Amino acid sequence: MNDALLDVIVQTREVQGADVAVLELAALDGQALPRFAAGAHVDVHLAPGVVRQYSLCGDPARANVYRLGVLREAQSRGGSAAVHVQLQAGALTRISAPRNLFPLVADAQRSILLGGGIGITPLIAMAHTLHARGEAFELHYRARSRSRCAFVDELLAAPFAASVFTHFSDEGDDQRLDLAQVLGDPAPGTHLYTCGPTGFMDWVIAGARAQGFSAEQIHHEYFQVEVDSAGAGFEVQAVRSGKTLQVAPEQSLLAALREAGIAVEVSCEQGVCGTCLCDVLEGEPDHRDHYLTDEEKQSNEQIVVCCSRARSARLVLDI
Ligand code: FES
């Protein structure tokens with residue numbers, strides 16, 4: 001992973017649908033941007049302490065431009081509102097190099113891409129790559145209404161438009177998303193990729209499991225999660241910092257660490273990005289994140305400190 005930040009300029013900006021800012025970012029010095037693979041995101045540094053992850057939704061084959069689609073959230077904690085206000089055409093900002101926590105599997109026989117609302121963004125990049133590879137895929141875009149969505153027109157005019165299917169809640173029954181039919185047979189080599197609001201993804205994943213898809217065939221990326229980091233109190237020994245602290249029932253582990261003066265690098269603060277990952281030396285975490293895999297959670301070797309807690313009365317952390 002490259003930790004160096006990139007200085008970029010907003011080369012183009014347009015608002016699509018009801019409230020989606022579609023931005024194209026280019027390197028400030030005109031140099032090439034690092035290549036990325038479909039499914040990657042960048043951290044956008046909007047202000048001190050305000051860092052947000054946005055998926056790259058452009059064609060990965062298109063050099064020198066990163067494309068983002070950012071929905072203005074009514075409940076914005078500062079991120080999407082800052083993007084909409086600050087990142088006008090010509091504005092400068094800093095981003096991380098692309099990171100990919102949602103990669104395509106190589107040599108799939110069939111790929112099913114299921115996007116809910118603005119969760120379509122990483123799947124657009126995937127569609128470009130799968131089309132370029134000549135692999136079989138379907139891209140399904142479900143949203144409340146056609147007029148509120150971004151990217152609809154361009155997807156329906158894309159070279160892979162025959163593989164694009166839209167499903168809008170306010171249109172007829174004949175275009176509703178029939179999940180079981182779309183998922184079909186989970187034959188070996190079939191892979192499902194989904195991104196969208198938590199409720200949508202939980203529905204898709206539960207449907208895929210019921211249909212017989214294995215964990216290895218289901219790939220997902222949460223971008224909008226409700227974080228419940230409250231629970232019973234517990235004690236934390238922070239070994240490298242030489243401190244022991246109490247986490248109160250209504251306090252998050254992250255807040256308690258900060259209160260004790262222990263610096264923790266964070267980004268999403270929603271248990272999604274893995275920036276705040278910390279090694280567990282003793283004790284049993286109560287994992288509440290969407291970053292670690294089920295196997296990693298069972299091993300209890302690491303904890304995502306921005307949202308997780310403890311099942312044991314005490315945790316010993318390498319921090
Ligand atoms: S800061 Fe992103 S997972 Fe904790």
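Start by selecting residues 234-238 and 314-317: these are strands S13 and S19, which pair in the parallel sense over four bridges. (Strands are DSSP runs of E, at least two residues, and helices are runs of H or I, at least four, numbered from the N terminus; two strands pair if DSSP finds at least two bridges between them.) Zoom in on Val236 and you'll find Leu315 of S19 opposite.

A word on what you're looking at: this is a predicted model, where local features need pLDDT of at least 70, side-chain atom pairs count only at pLDDT 80 or more, and totals for chains, interfaces and linings use all residues. Residues are numbered from 1 along each chain as its sequence is written, and side-chain values use heavy atoms, leaving out hydrogens and water.

Now widen the selection to the whole open sheet, five strands in the order S14-S13-S19-S15-S17 with mixed pairing. Strands S14 (243-247) and S17 (302-304) each have a single partner strand, so one side of each has no neighbour in the sheet.

Next, colour by pLDDT, the predictor's confidence in each residue, from 0 to 100. The chain's mean is 91, and 95% of its residues reach 70 or more.

Last stop: which residues line the largest cavity? Select Leu33, Pro34, Arg35, Phe36, Pro60, Arg62, Ala63, Asn64, Val65 and Tyr66. (On a 1 Å grid over the protein atoms alone, a cavity is a set of points where a 1.4 Å probe fits but cannot get out; lining residues have an atom within 4 Å of a point.)

Note on methods: On a 1 Å grid over the protein atoms alone, a cavity is a set of points where a 1.4 Å probe fits but cannot get out, and a pocket is an open set with protein on both sides within 12 Å along at least five of seven lines; lining residues have an atom within 4 Å of a point.
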